[in-house]
Amino acid sequence: MDQMSPDNINGLILAVSSSIFIGSSFIIKKKGLKKAGASGVRAGEGGHGYLYEPWWWAGMITMIVGEVANFAAYAFAPAILVTPLGALSIIFSAVLAHFILQEKLHIFGVLGCVLCVVGSTTIVLHAPHEQKIESVKQVWKLATEPGFLVYSALILIVVLVLIFYYAPRYGKTHMLVYVGICSLMGSLTVMSVKAVAIAIKLTFSGMNQFKYFHAWIFVLVVATCCVLQINYLNKALDTFNTAVISPVYYVMFTTFTIIASMIMFKDWASQSGLKIATELCGFVTILSGTFLLHKTKDMGNSASVSGSGRCSVSIPRDTPVFTNSGSDPSSSPEK
């Protein structure tokens, strides 16, 4: 086996560090959300008291550090090495939630996490390579072509329906409402972030891209989408089990981002039948893992020890998949 180059080693270290920071940020932010909810209106009910909570800001700073490290990793190593490592944040977040927040993850939940990671990694590893972009104008041209405009319009329509119709009615009981908003907008965020990153890179190389209005429109889109994502991610974290939020958000976010990238950069044209089949297998694996996570998300907290000393698990009957049938696990009096 060939020895890894110094650049690849640097990229690997940055990518792993990014996963650790991002995974831990979920836990730190939730501690802040729980403290803020104990003395005021919870984020899941529309409160914003977490903005005055140091723990929440510590989590935000941790997440920003992780994202910066992830961005820097792409400067050293190829995407095929960096992108799949983002799945490590799921495992790290689930383990920390188990020990710090006492959000017990059943063995089948662990298996669901593994399936989600394997499926997502399979898709990322076999995703087509993007074309090389050398100008923010080139990105703008791709973003304003009919295919991506239709995709963006559909995303915005679905998000508006989720925000104004489904969120007030089902947001506190159906996790996919909040996570769906974050994931759908996240796909547009990534495309805009890529444009801004290209503009910054070219500007530092001596070709100022911020003299064009295109770059500032992308900056505005990034800011708007990020604020929206943070708001609804806070609602999801405050309402549902962190160990379930992390992998499902990762799966949905990765899926929609890959779809957006394929539409915008038209990389699907270079896909072979074998790669498409492999990606379909990855999707099936993700769906299996997500289903298993939701069906067993309350089993870890419902475990009890019988008189013989053996652990017994009570499984709630008719618990809908993708829903929270009871109160917030994180607010259980047993914890």
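This is a predicted model: local features need pLDDT of at least 70, side-chain atom pairs count only at pLDDT 80 or more; totals for chains, interfaces and linings use all residues.
Reader: How many helices and strands does the protein chain have?

Author: The secondary structure comes to 11 helices and 2 strands. Along the sequence the pattern reads α-α-α-α-α-α-α-α-α-α-α-β-β. The protein chain has 335 residues, of which 45% count as buried. Among contacts between residues at least 6 apart in sequence, 81% join residues at least 24 apart.

Reader: How is a pair of packed helices to be read?

Author: Two packed helices are described by the angle between their axes and the distance between the axes. Consider helix H7 (residues 146-170) and helix H8 (residues 175-204), whose axes come within 9 Å and cross at roughly 155 degrees. Angles over 145 degrees count as roughly antiparallel, and H7 and H8 are therefore roughly antiparallel to each other. The crossing in which H7 passes H8 is left-handed.

Reader: Which residues make the contact of H7 with H8?

Author: On the side of H7, they include Phe148, Tyr151, Ile155, Leu162, Tyr166 and Tyr170. On the side of H8, Val177, Gly180, Leu184, Met185 and Met191 are among them. By class, this contact of H7 with H8 has 18 nonpolar, 3 polar and no charged residues.

Reader: How do H8 and H9 cross, and what classes of residue are found in their contact?

Author: The axes of H8 and helix H9 (residues 213-239) come within 8 Å, with a crossing angle of roughly 150 degrees. By the cut-off already used, H8 and H9 are therefore roughly antiparallel to each other. Their crossing is left-handed. In the contact of H8 with H9 there are 20 nonpolar residues, 5 polar and 1 charged.

Reader: How is a pair of aromatic rings to be read, and how many aromatic pairs are counted here?

Author: A pair of aromatic rings is described by the distance of the centres and the angle of the planes. Here the count comes to 9 aromatic pairs, by the rule that ring centres lie within 6.5 Å. In one of these, the rings of Trp140 and Phe218 have centres 5.8 Å apart and planes at 75 degrees, so the pair is edge-to-face. Trp140 belongs to helix H6 (residues 136-143) and Phe218 to helix H9, so the pair ties together parts that are 78 residues apart in sequence. Trp140 is partly exposed, at a relative accessible area of 24%, whereas Phe218 is buried, at 6%. Trp140 and Phe218 also form one aromatic cluster with Phe213.

Reader: Are the rings of Tyr166 and Tyr170 stacked, edge-to-face or tilted?

Author: Their centres are 5.9 Å apart and their planes stand at 35 degrees, so the pair is tilted. Both tyrosines lie in helix H7, 4 residues apart, which is about one turn of the helix. Tyr166 is partly exposed, with a relative accessible area of 34%, and Tyr170 counts as partly exposed at 34%.

Reader: Is Cys116 buried or exposed, and where does it lie?

Author: Cys116 lies in helix H5 (residues 107-125). Because residues under 20% relative accessible area count as buried, Cys116, at 0%, is buried.

Technical notes. Residues are numbered from 1 along each chain as its sequence is written. Side-chain values use heavy atoms; hydrogens and water are left out. Buried means under 20% relative accessible area, exposed over 50%, partly exposed in between (1.4 Å probe, protein chains only). Axes are lines fitted to C-alpha atoms, for helices over the stretch in contact, and angles run from 0 to 180 degrees between N-to-C directions. Angles under 35 degrees count as roughly parallel, over 145 as roughly antiparallel, 65 to 115 as roughly perpendicular and the rest as oblique. A crossing is left-handed if the near helix is turned anticlockwise from the far one by less than a right angle, and right-handed if clockwise. Contact means heavy atoms within 4.5 Å. Ala, Val, Leu, Ile, Met, Phe, Trp, Tyr, Cys and Pro count as nonpolar, Asp, Glu, Lys and Arg as charged, and the others, Gly among them, as polar. Rings of Phe, Tyr and Trp (its six-membered ring) pair if their centres lie within 6.5 Å; planes under 30 degrees apart count as stacked, over 60 as edge-to-face and the rest as tilted.
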